Amino acid sequence: MNGLIIKNTATRLLQGVFLCGLCFVTFASEINNSISLYNWEAFLAESVKNQLNTEHGVYIEETYFSDEGIRDEVMLSERRHAFDLVVIESVRLHLLAEQGVVARVPPQLKTELASYFDSKWNDACGDYGVPYAWGTSGILYRKSAFDVPVNSWSELLVPTAALKNRVAMYYHPVDAVASALLSQNKDPFSSSSQDLESAYKLLKEQRPSLYTPDYILNFLDSPEKINDIDIAFGFSGDEFVLNEEVEGQEGLWAYVLPKEGTTIWLECLAIPQGTTISPELVTAIRFLSEPQVAALNAEDSWFSTPHRFALEFVGQDYLNDPSLNPPQVVLEKSYLYRRVTDLGLLTRQRIVEDLR
């Protein structure tokens, strides 16, 4: 099997709650005009759901997953039949499609919506998805711990003495190695043994400075541990979780896209194999892809939208946020997530296992 990419989210969910939610959605999906959506939490605005219900009489019932591993287990089992629609990252979408658990988007609908998105987003989702949201990886930092803003991967990977034991890394075999490669101006998804050896050396030198090798938002239930962290690997949107849910106020944490570039993830709306393509399902997908609706959804959920025309309908705060609308100079040095070869993934897994 080809390499996979897993992206964590700011939300957490107990599997027991998930099972109850699944039972509820199975029941809800039997209601007329109800669409069952399997999604990240806080990744669809309530205002959008209400508008869809008011204007079209279609109700979206959501069940949330806390990480892609849980979602993929469901998709690879008969439990996927409980859902009409699911949000899946583009690389993982194609891997699941190859395993026969994701259906092609109806060609007529795909063609109808294609003009809403640039070719890079349409190509990434392919025949199996409709572009929905995108974002980046980067650096989270506590503003009070730095005299000047952070702007380079090297500040995370080669921390100063003052940051010893106050660094949170994310030892994921793709993301951790990608950041090290980017800091050296190399392809973050490279499988070159020389490149991976160089990345391993850099991450090994960083290791003594770490407070934790785990994703910082894994500590949402332990805010006292987050208090001991000043800089961390993270994803766009994580700063809002840290500021609002942990600190209870805005502006204490910042998120930055390093000057060397970043990795870009894309989430797609996908249809589980075996799902009936009902008029209500088509209406929901079409509605979520309308320019003004996509704008409202992106602004309320605070993620970057792949919609070509949605930015005409968002506010100035959204437009001015560099984490949502990165500078072109950074984007030109950034890479959309793509598959890592089997050998490359195996080497990366060995790297993070050794570092742990």
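The model is predicted, with local features needing pLDDT of at least 70 and side-chain atom pairs counting only at pLDDT 80 or more, while totals for chains, interfaces and linings use all residues. Residues are numbered from 1 along each chain as its sequence is written, and side-chain values use heavy atoms, leaving out hydrogens and water.

**Stop 1: two helices.** Select residues 107-114, helix α5, and residues 279-288, helix α12. Helices here are DSSP runs (H or I, at least four residues) and strands are runs of E (at least two), numbered from the N terminus. The axes of α5 and α12 come within 11 Å and cross at roughly 15 degrees. Axes are lines fitted to C-alpha atoms, for helices over the stretch in contact, and angles run from 0 to 180 degrees between N-to-C directions. α5 and α12 are therefore roughly parallel to each other (an angle under 35 degrees).

Now show the side chains. Leu109, Glu112 and Leu113 in α5 meet Val282, Ile285 and Arg286 in α12, where contact means heavy atoms within 4.5 Å.

**Stop 2: Ala42.** Move to the loop between β1 (34-40) and α2 (46-56), where Ala42 is found. Its phi is near 60 degrees, a positive value in a residue other than glycine. Most residues other than glycine have a negative phi. Ala42 counts as exposed, at 53% relative accessibility (exposed is over 50% relative accessible area, buried under 20%, partly exposed in between, with a 1.4 Å probe and protein chains only).

**Stop 3: Asn165.** Select Asn165 in the loop between α7 (154-157) and β6 (167-168). Phi of Asn165 is also positive, near 65 degrees. With a relative accessible area of 41%, Asn165 is partly exposed.

Methods
Angles under 35 degrees count as roughly parallel, over 145 as roughly antiparallel, 65 to 115 as roughly perpendicular and the rest as oblique.
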